[in-house]
Amino acid sequence: MVDPMIPTPFKVTRVRRELADTFTLDLVPAEGRRPFAFQPGQFNMLYQFGIGEVPISISGDAADGGVLVHTIRAVGGVSNALTGLAAGDMVGVRGPFGSAWPMKEAEGADVVIVTGGIGLAPLRPAIYHVLANRKKYGRFIILYGARTPADILFRKELEGWRSRIDTYVDVTVDAAGTEWQGNVGVVPKLIPRADFDPANATVLVCGPEVMMRFTIQALNQRGVGDDRIWVSMERNMKCAVGFCGHCQFGPKFVCKDGPVFRFDTIRDIFQVREI
Amino acid sequence: MVQIEGMGKELAEHPFFDGMESKDRELLSGCAKNEVFDADEYVFREGEPADKFYLIRHGTVAVELHAPGHDPMVLETLRKGDIFGWSWMVQPYTWTFDVRAVELTRVISLDAKCLRGKLEKDHSLGYELFKRFIPVMAERVGAARLQLLDLYGQPAERRSRSKKK
Ligand SMILES: Cc1cc2nc3c(=O)[nH]c(=O)nc-3n(C[C@H](O)[C@H](O)[C@H](O)COP(=O)(O)OP(=O)(O)OC[C@H]3O[C@@H](n4cnc5c(N)ncnc54)[C@H](O)[C@@H]3O)c2cc1C
Ligand code: FES
């Protein structure tokens, strides 16, 4: 068995600039293509040799095991260093780690995705999964919030999903000039307008924690129970396998019990400010 | 022109009046009329007298702020089922923002003088109306605060901004 503490070398096959500070890396194992199995919602530790490691969710399609896709926003030391990668470079990968979005449990229910900013990346595999298995799910709703129109991630794909008759997509931005024709306002405002059955919906939420807090309030007001809401917690990590305690979140470890949690199981510790 | 006939039914169809007794709605309908705004037409502009309040039946409006030396900013957009315009309740009854129709927009407008007159005479009607206004206002204040946090900004920028006094 591969030691989870030792990074496997992967080769960058493509770098796509998504936004001014966000890019997507396509990776394949350095020793030839081997399938890489993961579930939507899981993450890898990406190691920029000599600099450090960061947890990054997998943003590609779990059904396409050939290429491993990560979408990264440069915010600090390691993620900034990763922006320097080009096709042909090597990066270390440990994973996949963590819990997954409840795609099996959600079958038969409406699926509602509420996400903001880079939070769309960890949810993209869940979106691919629902679209590839569309008949297994009820109504499918994607609500997305970005900072400004220029910060809308995966814009072309969002437009493609919006154009499908079996998917409802609503996008909002926090700030815009008068040339923007779409919604302006925070993402929880989109919740009362979406047509889904609160008693039979599975809601997947990912974004900054404050955004998730207000989203959950709006979902509760709409009548969605905490046992139907799943959140992905992005707290800092080191080992990613439950050894170091760096990611401890109350009695849980985000790296192995999460990052995806059913909200009722962490409700009491959700407001904990630091870990 | 104020159309009294038929407006009671139209008010009943707007979610803002959900659960209001029909006699109260009928009273208010005396102040109501239908209006239509074309895409890019301004419903009102900052500084003008706030003589109405509006319920959106169809379409989208943008609440905008214009300041010299700055690009105009859209603060929020409102859609079918939403309401807008509080300034009719607060002296000096002057609009504090611009509101522009983003697309063809149909609204019900309620005349402010007519409304204030009715509410002055019938306080329980006033209470019924304000019970509907206050939660919307609270929700808008909450949303505006969340917007101010710049949730999706770069962590470093947000930190330095919060340190500035
Ligand atoms: C399970 C999981 C999945 C993630 N998935 C993605 C992803 O798909 N794409 C992506 O771009 N990022 C993702 N992240 C966040 C990413 O790991 C961090 O942005 C990264 O670790 C920052 O490291 P750095 O060395 O670049 O920045 P640092 O130099 O370590 O930090 C720069 C600034 O960012 C803040 N910061 C660092 N990490 C976080 C965090 N997790 N939450 C809030 N603020 C933070 C720091 O406090 C500091 O202010 C994920 C995190 C977790 C835990
Ligand atoms: S990162 Fe080490 S215990 Fe979770």
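Which residue just after α4(A) takes a positive phi? That's A:Gly223, with a phi of about 100°. Keep in mind that this is a predicted model, where local features need pLDDT of at least 70, side-chain atom pairs count only at pLDDT 80 or more, and totals for chains, interfaces and linings use all residues. Residues are numbered from 1 along each chain as its sequence is written, chains are lettered from A and ligands numbered from 1 in the order in which they are written, and side-chain values use heavy atoms, with hydrogens and water left out.

**Helix α4 of chain A**
- Helix α4(A) covers residues 209-221 (helices are DSSP runs of H or I with at least four residues, strands are E runs of at least two, both numbered from the N terminus).
- At 1.5 Å a residue, its 13 residues should span 18 Å, and the end C-alpha atoms are 18 Å apart, so the two agree (the expected span is 1.5 Å times one less than the number of residues).
- Buried here (under 20% relative accessible area, 1.4 Å probe, protein chains only) are A:Met211, A:Met212, A:Thr215, A:Ile216, A:Ala218 and A:Leu219.
- Those residues span an arc of only 165° around the axis, which puts them on the same side of α4(A) (the arc is that of the directions from the helix axis to the C-beta atoms).
- Their cover includes β7 (110-116), β12 (201-206) and β13 (229-232) of chain A.

**Rings and charges**
- Over all chains there are 19 aromatic pairs (rings of Phe, Tyr and Trp, the last by its six-membered ring, with centres within 6.5 Å; planes under 30 degrees apart are stacked, over 60 edge-to-face, the rest tilted).
- One of them is stacked: B:Phe44 and B:Trp95, at 3.6 Å centre to centre and 5° between the planes.
- That pair ties together distant parts of the chain, 51 residues apart: B:Phe44 is in strand β2 (residues 42-44), B:Trp95 in the loop between β6 (83-84) and β7 (98-101) of chain B.
- B:Phe44 and B:Trp95 are both buried.
- Ring pairs also join B:Phe16, B:Phe17, B:Phe53, B:Trp86, B:Trp88, B:Phe130 and B:Phe133 into a cluster.

**Chain B overall**
- Chain B has five helices and eight strands, running α-α-β-β-β-β-β-β-β-β-α-α-α from the N terminus.
- Its C-alpha atoms fill a box of roughly 55 × 35 × 30 Å along the principal axes.
- Of the 165 residues of chain B, 43% count as buried.

Conventions
Buried means under 20% relative accessible area, exposed over 50%, partly exposed in between (1.4 Å probe, protein chains only). Contact means heavy atoms within 4.5 Å.
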